[in-house]
Amino acid sequence: MSNYVLFFIIIIYLSLLFGIAFFAEKKSKSRWVNSPIIYALALAVYCTAWTYYGSIGIAATSGIDFLPIYLGPVIAAPLWILLLRKVIRISKQHKISSIADFISLRYGNHRFLGALVTVICLLGIIPYIALQLQAVSETFQILADDTSYVSKSIYDDSTLYIALILAVFATFFGTQSSDASVKHKGILVSVAFESVIKLIFFLCIGVYVTYVLFDGTEDIYTKMSQFSNFERLTTINGFESGFNWMYTILLSFMAIFLLPRQFQVSVVENVREKHLKTAIWLFPLYLLLFNIFVIFIAWGGNLAIGNPEQAEYYALLLPLQNNNTLLASLVFLGGFSAVISMVVVSTLALSTMLSNNLIIPYGFLDRFLKNHPDRNAKYIKNIRRISIFSIIILAYAFYVNFSYELSLYSIGLMAFVIIAQLAPSFFIGLFWNRGSSRATIIGIIAGFAVVFYTLILPFSIQALTGSDDFVEYGFYGISPLKPHALLGIDFLSPPAHAFFWSMLVNCLFYGLFSLLYKGNYRERNYAEMFIDSKNYNDLQDGALVWKGEAYVAEIKNVLNKFLGEERTNRALNLFFKKYNISPETQMADSRLINFSEKLLTGSIGSASAKILISSVVKEEEVSLVEVLKILEESKETIARNKLLREKSEELTKLTDKLSEANEELIQKDLQKDEFLDTVAHELKTPITGIRASTELLIEDAEMPKEIQAQFLSNMLQDSDRLSRLIQNILDFEKLSNGRSSLNFKKNNIRETIQKAIGGLRQIASKKNIKIISSNTSDVFAVYDEDKIWQVLTNLISNAIKYCKDGNGIIIVDYKYEKGFLEVTINDNGTGIPEADMPFIFDKFFQSKNQNIIKPQGSGLGLAISKQIISKHKGSIWAKNNKKNGVTFGFYLPFK
Amino acid sequence: MKKKIVIVDDEPNIVMTLEYTFKKNNFEVYIARDGSEALDILKSIIPDVIMLDVMMPKVDGYQTLKAIKENKALANTKVVFITAKNKASDIEKGLKLGADKYLTKPFSIKQIVSEINELIA
């Protein structure tokens with residue numbers, strides 16, 4: 001393929017990325033752009049050209065040693081929820097935009113510390129970016145068949161132009177707002193897209209090598225196992241190598257939190273905390289998929305090409321060797337994607353640090369105070385833009401000068417070890433409130449010095465002079481000072497060795513100096529806020545302890561310079577409203593100071609924010625004891641408020657319950673009233689009949705004999721009704737108040753039914769109604785026979801009442817089923833209107849569809865029956881028959 | 001001409017005593033066992049008095065009274081509630097609906113007769 005075609009492909013691909021980023025910025029509110037999948041995929045910015053090409057190189061020469069770099073993040077994944085959530089929470093609250101800001105804020109807005117972290121990151125990452133550029137350049141050359149052509153000056157080196165396009169991309173989408181804590185959704189989405197591209201193309205080449213060039217994994221394995229070094233390639237080689245593994249895993253574990261690009265994606269660009277829940281499984285899965293074919297591509301390359309010098313590019317060389325240019329181009333694009341995402345996100349993160357923690361706090365603050373707000377915003381953006389270009393050009397320069405000595409793997413690990421120097425201040429600082437800024441600075445510098453001596457210096461000497469003497473014999477030939485074997489520890493690989501010693505020194509100094517020198521009150525204040533982030537989230541702006549004199553107008557003046565008048569006023573109004581402070585207030589309190597610092601942090605970094613605000617306020621020293629006391633007090637207030645709130649909620653609940661109970665009582669009372677009314681009404685009816693008849697019999701001497709007889713018989717009937725009613729009411733009351741105890745005994749239901757029928761036979765035969773009970777089986781169940789008899793009598797006499805004279809048939813049956821005894825009473829009478837069905841078991845409910853003559857019931861029969869059955873823990877039911885009549889039935893549990 | 005009375009009640013024993021009494025007092029007596037039967041009867045005759053129980057199946061006394069009040073032909077017909085409901089609120093409700101008298105059960109025959117006669121005199 002010619003240079004130009006390849007370059008053309010690259011331009012097309014970059015335009016596509018521009019398009020995607022542009023589209024995402026435009027749709028920045030859409031659910032799709034803010035999805036947790038995008039977040040998890042963007043985390044895969046971790047996989048750079050090192051992963052894409054470098055792992056294969058390692059796998060080809062040293063076997064499975066490429067793995068621990070991916071095991072660290074996988075092991076760390078469950079911890080994210082714990083650690084990263086806390087970091088994200090703190091960062092959101094303080095509008096933190098980089099790891100330098102995070103660390104400097106934790107140690108009290110320390111300006112020098114922020115700058116130091118920035119420098120460490122630059123030192124670690126610029127060579128790493130250079131490495132990515134080199135990967136692009138080398139793969140470009142491999143793919144371009146035009147091997148005779150070698151760029152003679154940087155002006156015709158395509159890598160330079162690619163680097164510049166990347167800088168433009170990062171500038172365009174990274175500096176749209178002067179506030180760096182604003183999310184860069186365009187970049188995030190394009191990174192997620194690149195993650196997908198690099199994974200798919202890498203899997204393609206994996207499948208191609210394993211299943212097209214070879215006959216599957218087993219084929220490669222068998223062929224490989226004939227080589228003498230096979231054993232070494234497939235195992236962790238003994239105890240010493242085990243240490244190397246452990247340190248590398250630990251190293252990558254730290255890197256996943258501390259690498260500026262990872263911090264940028266996982267913390268600054270995080271939209272919602274809960275996205276972590278997706279990332280926790282998707283990201284490890286991604287890493288796993290990425291590593292499946294590494295070993296097979298490497299071995300396939302060893303078998304088919306066999307040139308370990310070129311092992312890193314087996315993925316490209318293998319398809320080229322088989323004249324598959326298309327696949328090679330895809331692999332190239334995958335690798336290119338890995339490079340772009342790494343370079344863009346890293347430069348974005350580094351430029352933020354460079355501007356907010358180095359350039360602005362050390363040079364531009366005075367000028368900012370004099371400038372017009374619009375110009376300030378432009379200034380800040382320009383500083384960041386220049387930073388992005390400088391970083392990329394620096395990286396390019398590094399690549400041009402060191403290119404022949406760079407190996408993807410070694411430079412990558414070197415970057416990790418350098419960045420790991422931030423680990424003690426970052427991780428321990430999150431949980432130990434004594435960690436102080438001075439100790440952090442000493443620890444980082446000392447740790448870096450160790451890394452410099454054990455890793456960077458030997459590497460540089462080797463690169464510049466080509467001599468191995470320094471590594472072989474040590475400083476001035478002193479053997480305990482051999483850079484790769486300090487104090488005789490010679491079994492670790494150089495990066496693991498450097499990591500071990502630098503971490504040891506760093507942690508030791510950090511711990512020791514933190515204990516020796518207490519930090520000042522401000523450091524301690526932030527330490528408390530970081531460590532107990534959950535509590536201080538509640539405290540919000542009140543968590544900063546501050547004493548002194550400050551005027552709102554002057555603070556407003558400073559804010560105006562950076563946010564513009566409109567945004568400042570809006571923010572302050574919100575603040576005043578939130579804390580119920582009059583907008584005319586003249587003196588600022590600690591809450592306003594804290595709030596203002598946060599407002600500025602996104603634009604100019606936390607250290608500069610603090611410096612600017614303190615330039616217009618008169619701050620008084622507060623003793624450490626006082627800080628802790630005030631914090632404790634406000635925490636207590638919050639806790640007390642919370643307790644009060646809980647108590648009041650509890651009270652409200654209780655009140656609700658009370659009024660509910662009251663309501664229920666009233667309801668019961670009403671029911672009782674209604675019951676009594678109905679009882680009175682029911683009692684009065686027969687009495688009325690008796691009284692009127694008696695009066696007539698007494699007064700009317702001329703009354704014919706037969707009418708006299710009628711009235712007398714009516715009186716008898718009414719008296720009977722009255723006494724029945726009274727009995728029923730008493731029964732019902734006793735049952736519903738639980739005063740009537742049941743006499744449980746084992747009885748034969750057949751006999752009980754026979755007894756009940758026996759008592760009703762006479763009435764039935766008067767109406768010419770047949771009662772049939774042909775079931776002869778004995779079923780014994782435990783129940784109160786008198787009560788069940790009463791139920792049966794009720795139900796059967798109801799049936800008699802509603803049956804027509806002459807052809808009435810009542811069938812009583814029973815059966816044993818599923819632990820229940822079921823008794824049914826079926827008649828062929830008038831049935832019950834469906835509308836009445838739900839009410840028939842209510843007391844005093846009498847169906848409206850009654851016979852012409854009012855049935856002489858008390859209105860309590862079914863209600864009593866229901867009570868009795870439920871006392872037996874059974875249930876009673878009724879349903880109309882399909883043809884005519886109704887079936888009543890009840891279940892009794894079979895004890 | 002004989003006075004006409006419609007007795008609306010679902011208790012046959014009570015109805016029997018009233019029927020006997022008013023027949024003896026020279027009334028033309030019509031019996032209905034609930035509101036809907038009463039309204040049927042009222043389609044063909046215009047009585048002087050209607051005696052109305054309140055608690056009855058199907059159409060109760062209140063509903064019946066409302067229907068009577070809507071019927072212009074019955075404008076001169078007196079309506080007397082005769083019921084066991086004797087709470088002050090019940091009486092008030094009955095009179096508000098437009099009943100001319102409210103008598104409670106149990107009643108004295110003598111008193112009923114004199115109240116009715118007074119009403120239609």
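**Sheet, interface and helix packing in the predicted model**

B:V49 stands opposite B:K78 in β4(B). The model is a predicted one, in which local features need pLDDT of at least 70 and side-chain atom pairs count only at pLDDT 80 or more, while totals for chains, interfaces and linings use all residues. Residues are numbered from 1 along each chain as its sequence is written, and chains are lettered from A and ligands numbered from 1 in the order in which they are written.

The two residues belong to a pairing of strand β3 (residues 49-52) of chain B with strand β4 (residues 78-83) of chain B, which is parallel and runs over four bridges. Strands (E, at least two residues) and helices (H or I, at least four residues) are DSSP runs numbered from the N terminus, and two strands pair if DSSP finds at least two bridges between them. In chain B, five strands form an open sheet in the order β2-β1-β3-β4-β5, with parallel pairing. The edges are taken by β2 (27-32) and β5 (101-104) of chain B, each with a single partner strand, so one side of each has no neighbour in the sheet. From one strand to the next the twist averages 20°.

Helix α1 (residues 12-24) of chain B lies across β1 (3-8), β2 and β3 of chain B and runs at about 160° to β2(B). Axes are lines fitted to C-alpha atoms, for helices over the stretch in contact, with angles from 0 to 180 degrees between N-to-C directions.

The contact between the chains takes 19 residues from chain B and 21 residues from chain A; residues are in contact if their C-beta atoms, placed from the backbone, lie within 7 Å. On the chain B side, α1(B) supplies the largest share, seven residues. That side has ten nonpolar, four polar and five charged residues. Ala, Val, Leu, Ile, Met, Phe, Trp, Tyr, Cys and Pro count as nonpolar, Asp, Glu, Lys and Arg as charged, and the others, Gly among them, as polar.

In chain A, helix α7 (residues 158-174) and helix α17 (residues 373-402) pack at an angle of about 155°, with their axes 9 Å apart. The helices α7(A) and α17(A) are therefore roughly antiparallel (angles over 145 degrees). Residues making the contact include A:L160, A:A163 and A:L166 of α7(A) and A:R385, A:I388 and A:F389 of α17(A). By class, the contact of α7(A) with α17(A) has nine nonpolar, two polar and one charged residues.

Definitions and conventions: Two residues are in contact if their C-beta atoms, placed from the backbone, lie within 7 Å. Angles under 35 degrees count as roughly parallel, over 145 as roughly antiparallel, 65 to 115 as roughly perpendicular and the rest as oblique.
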